[in-house]
Amino acid sequence: MAGPQDVYDLRGLNCPLPVLKTRRRLADLPPGGLLWVETTDPLAVIDIPAFCTESGHRLVESLSVAGGHRFLIERG
């Protein structure tokens with residue numbers, strides 16, 4: 001299980017790959033599992049929260065980091 005200190009590095013990938021890869025990675029976690037996702041895709045600030053809402057996951061935290069964004073997602 002990925003803990004909140006683990007980061008799934010999706011930097012350099014553009015839409016729709018960050019969401020597709022996040023979906024696959026979350027499928028391997030038990031409900032309640034946490035996953036940090038880091039991306040440089042500017043559309044991720046829209047796509048990741050929308051994906052979480054549509055898929056029943058919870059966006060715990062969203063941070064701006066150098067060159068991109070980092071999201072903490074709890075699997076629903």
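The model is predicted, so I noted its limits: local features need pLDDT of at least 70, side-chain atom pairs count only at pLDDT 80 or more, and totals for chains, interfaces and linings use all residues. Numbering runs from 1 along each chain as its sequence is written, and side-chain values use heavy atoms, with hydrogens and water left out.

**Entry: glutamate 38**

I looked up glutamate 38 and found it in strand β2, residues 34–39. Helices (H or I, at least four residues) and strands (E, at least two) are DSSP runs, numbered from the N terminus. Is glutamate 38 buried or exposed? Glutamate 38 has a relative accessible area of 10%, so it counts as buried. I then listed its contacts (heavy atoms within 4.5 Å). Leaving out residues up to four places away in sequence, glutamate 38 touches Val7, Tyr8, Asp9, Leu10, Arg11, Val65, His69 and Arg70.

**Entry: the core**

I took a nonpolar core as a set of buried Ala, Val, Leu, Ile, Met, Phe, Trp, Tyr and Cys residues joined through side-chain atoms within 4.5 Å. The largest one holds 13 residues, and Leu26, Leu35, Ile48 and Ile73 have the most contacts inside it. Two or more residues each come from α1 (17–27), β2, α2 (44–55) and β4 (68–74). With four residues, α2 gives the most to this core.

**Entry: the whole protein**

I counted two helices and four strands. Along the sequence they follow the pattern β-α-β-α-β-β. The radius of gyration is 11 Å, close to the 11 Å that the globule rule gives for 76 residues, so the protein is as compact as a globular protein of that length. I took that radius over C-alpha atoms; the rule is 2.2 Å times the number of residues to the power 0.38. The C-alpha trace spans about 30 × 25 × 20 Å along its principal axes. Buried residues are 34% of the 76. Of the contacts with a separation of 6 or more, 68% are between residues 24 or more positions apart.

**Entry: a cis bond**

Which kind of peptide bond joins cysteine 15 and proline 16? I found a cis bond, with omega about 5°. Most peptide bonds are trans. Proline 16 sits in the loop between β1 (7–9) and α1.

Terms used. Buried < 20%, exposed > 50% of the residue type's maximum accessible area, 1.4 Å probe, protein only.
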